[in-house]
Amino acid sequence: MSVKNQLALELALGFLAYGLGILGLYYFQGAQLQENVWLLLLPCLPIIYIASVIVRAVAALDELQRKIVMEAMAFSGLATGFVCFSYLFLRDMGAPEFRAQWAFYLMVLFHGVGMVWSARRYR
């Protein structure tokens, strides 16, 4: 099995474990959850595994591809941080409340923009 296929399989297993963690969390929701707060970690543990698989996948890339991905990640993190911080001023002026998942969506959007921008620089 190639490294690419191995990482794809590990990533799929991580997402499957995440989904099962979410289902387990909903299954145990209610009175039992108040006594077993540790169950809230069920969906979080696979995310740590998924992050480690992604880091290994980036490490397996060649130097140019790794540089493109890392520049896109840096752009994504910085742009998301600045947009989220700037939104605080808009919220003070009456804009709707900022939901946490929007930050993830922004990060994915900015990562795509960063990948296109960085890849075009090196082609």
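Reader: Is the crossing of α4 and α5 right-handed or left-handed?

Author: Bear in mind that this is a predicted model, where local features need pLDDT of at least 70, side-chain atom pairs count only at pLDDT 80 or more, and totals for chains, interfaces and linings use all residues. Residues are numbered from 1 along each chain as its sequence is written, and side-chain values use heavy atoms, leaving out hydrogens and water. Helices here are DSSP runs (H or I, at least four residues; strands are E, at least two), numbered from the N terminus. A crossing is left-handed if the near helix is turned anticlockwise from the far one by less than a right angle, and right-handed if clockwise; for α4 and α5 it is right-handed.

Reader: And how are α4 and α5 oriented to each other, oblique or roughly antiparallel?

Author: Axes are lines fitted to C-alpha atoms, for helices over the stretch in contact, and angles run from 0 to 180 degrees between N-to-C directions. Here the axes are 7 Å apart and the angle is about 140 degrees. Under 35 degrees counts as roughly parallel, over 145 as roughly antiparallel, 65 to 115 as roughly perpendicular and the rest as oblique, so α4 and α5 are oblique.

Reader: What about α1 and α3, roughly parallel or roughly antiparallel?

Author: Their axes lie 8 Å apart, at an angle of about 165 degrees. That makes the pair roughly antiparallel.

Reader: Which element gives the largest share of the lining of the largest pocket?

Author: A pocket is an open set of points on a 1 Å grid over the protein atoms alone, where a 1.4 Å probe fits, with protein on both sides within 12 Å along at least five of seven lines; lining residues have an atom within 4 Å of a point. This one is lined by 16 residues, with I54, M73, F104, M107 and H111 nearest its centre. α3 (44-59), α4 and α5 each give two or more residues. The largest share, six residues, comes from α3.

Reader: Which element gives the most to the second largest pocket?

Author: The lining is made up of V3, K4, L7, A8, L11, V53, I54 and A57. Two or more of these come from each of α1 (3-27) and α3. With five residues, the most comes from α1.
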